[in-house]
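Welcome, and please have your viewer ready. We will go from stop to stop, selecting residues and looking at what surrounds them.

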Amino acid sequence: MKYVVSMEDPASHTFHVTLDYKPEKSDSLVLKMPDWTPGYYQLMNYADNVAEFSVKDSDGNALEWKRSGKTGWVIPTKAVKRLTVEYDVKTTRKFVATSYLDAEHGYITPASVFMYVDQKIKTPAEVTIVPYKEWDRVATGLDSIAKKRFSYSAPDFDILYDSPFLIGNLEELPAFEVKGIPHRFIGYKLGEFDKAKLMSDIRKIVEKASALIGDIPYKHYTFIAIGPGQGGIEHLNSTTISFSGEQLNARGWDGMLGFITHEYFHHYNVKRIRPVELGPFDYENGSRTNMLWVSEGLTVYYEPLIMKAAGLYTTDKMLEFFKNQISNVENKPGRLHQSLAQASAQTWSDGPFGRTGDEVNKTISVYQKGPVVGLLFDFAIRHETQNKKSLDNVMRKLYNDFYKKKNRGFTENELRETIAKVAGNPLEELFSYIYTTAEPDYKKYLGYAGLDIDTSPKEISETKDGVTVKRIEKAFTITPMDNPTELQKAIFAGWSKGGE
Ligand SMILES: [Zn+2]
């Protein structure tokens, strides 16, 4: 399937798509637009943005198509040797999970632009981008086709949908290599900041994250900075991140580097180390899993650890990070209504960070409770194994046993078995913090690392717009115990190195 995407009038916010395809012998075929993009767990109604749809055969005769359901187009193909399909994709929202085109740049979320033939997701695809005449760069994780300008190949539509495009007069920062593998950073409107320092810091993050898993599975990796905004989406060999020098300076380097660490570590955790439901994907209905607490929550867990290993974070900041996460979880009523497994599966209806408005107190966020149970699992595994194993061993084992050996995701039982094997103990109590709303025994698990935690309620007084509001909140201050045992000391020392 050969696609050409053009954008002659970018201010119209409209991409034009031409598909050239030789159909198999049959009476008809169905073209479908996905309804979501992996990494952003919401139905997006992408098909609604398609306009001016038309089909011709190789003699230029128009073919009578009809719509089928929310996402399909049925095309008669009896005695048709070749099809040319054309359509516009209107872009209305500047966001990491939608395509967007304006007078200055274009961003393609492939699941919202390229239709696939129903049941034929494994068909190879070729994409040629025709940038607006005043633009000179395209960034994507796809492999280029030799001697064809801005042309790229994807072995199938899973890979195509995993490979966004950024188009415009882009800026590329000096690339670096880790184990001989190139890592690029390309962006739109990067602005002013210490660019050499950013690349040097990202290099350290890549080195430490890849050392933690022990393998680099791609041939090249691209950080695609799509401009100011919120959020990022992970891919197999790229990530799209909302980014600008102004945001970096305002948000602070810690915040921005933590975010970049998160998106980068996802190429392991969720893209390769993945729940069985997350690939192959159901592009029409969404792919629900009870294990987003692993895919998102443990990715958040590893942010401060990898930053620490990379020398970009202190031990005090790690403890502060987890104090804040525990406070966020425990001071919200949602913790009594929704388990982590429920929050994982219900994100499709609740929204990425739980429900908002009047319903805000009925849900929790996997981004907050996920890293908290990650910490408890890590300390418990270290305790059970006399500090010989850690959560890192679980991540490596999931990567090797399922992604490398079986090229598939793991089930909930397989995750439990993997943890039980590494820890030598099924850690049932910790799983009750996943599947029920039981309050974690923080004192016990933090105690394994010689840490004390203050769970007593304290009065907090906050003054805003001249009004002082007092409320009772638990403090969750984490401090070292006075006389830790040798094992407790070793566990804390091992953990606070932040991995390899
Ligand atoms: Zn994430």
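In which loop does P280 lie? Select P280: it lies in the loop between α4 (253–265) and α5 (292–309). Helices and strands here are DSSP runs, numbered from the N terminus (helices are H or I with at least four residues, strands are E with at least two).

Before moving on, a word about what is on screen. This is a predicted model, in which local features need pLDDT of at least 70 and side-chain atom pairs count only at pLDDT 80 or more, while totals for chains, interfaces and linings use all residues. Residues are numbered from 1 along each chain as its sequence is written, and side-chain values use heavy atoms, with hydrogens and water left out.

**Stop 1**

A cis peptide bond joins G279 and P280, with omega about 0°. Most peptide bonds are trans, and most residues other than glycine have a negative phi.

Next, select H13, in the loop between β1 (2–6) and β2 (14–21). The phi of H13 is near 60°, a positive value in a residue other than glycine. H13 is partly exposed, with a relative accessible area of 29%. For these words, buried means under 20% relative accessible area, exposed means over 50%, and partly exposed is in between (1.4 Å probe, protein chains only).

Then go to K147, which sits in the loop between β13 (143–144) and β14 (151–154). K147 is not a glycine, yet its phi is positive, about 65°. K147 is exposed, with a relative accessible area of 89%.

**Stop 2: the zinc ion**

Select the zinc ion and show the side chains of H262, H266 and E296. These residues supply the protein donors, H262 (NE2), H266 (NE2) and E296 (OE), lying 2.0 to 2.1 Å from the zinc ion. Donors are N, O and S atoms within 2.8 Å of the metal (3.2 Å for Na, K and Ca); water is not among the atoms, so sites may look incomplete. Along the sequence, the donor residues are spaced H-x3-H-x29-E. H266 lies in the loop between α4 and α5 and E296 in helix α5, so the pair ties together parts that are 30 residues apart in sequence. Are H266 and E296 buried or exposed? Both H266 and E296 are buried.

**Stop 3: helix α9**

Select residues 391–406, which form helix α9, and highlight M395 in it. At 0% relative accessibility, M395 counts as buried. Leaving aside neighbours within four places in sequence, M395 is in contact (heavy atoms within 4.5 Å) with I213, F265, N269, I273, L298 and Y302.

Now colour the buried residues of α9, among them L391, V394, L398 and F402. The buried residues of this helix pack against α2 (195–213), α4, α5, α8 (366–384) and α10 (412–423).

Look at the two ends as well. At the start of α9, a side-chain oxygen of S390 reaches to within 3.1 Å of the backbone nitrogen of D392. Just after α9, N407 takes a positive phi of about 50°.

**Stop 4: Y442**

Select Y442, found in helix α12 (residues 442–447). Y442 counts as buried, at 2% relative accessibility. Not counting residues up to four places away in sequence, Y442 touches I326, V329, E330, V372, L376, G447, I453 and F476. Zoom in on E330: a polar contact of 2.6 Å joins its side chain to that of Y442. A polar contact is a pair of N or O atoms within 3.5 Å; within protein, one must be able to donate a hydrogen and the other to accept it, and residues adjacent in sequence count only if both atoms are side-chain atoms.

**Stop 5: a sheet**

Finally, show the open sheet of 5 strands, with the order β16-β17-β18-β20-β19 and mixed pairing. β16 (171–178) and β19 (232–234) stand at the edges, each with a single partner strand, so one side of each is left without a neighbour in the sheet. β16 and β17 (residues 181–187) pair in the antiparallel sense over 6 bridges; two strands pair if DSSP finds at least two bridges between them. Within this pair, E177 stands opposite P182 in β17.
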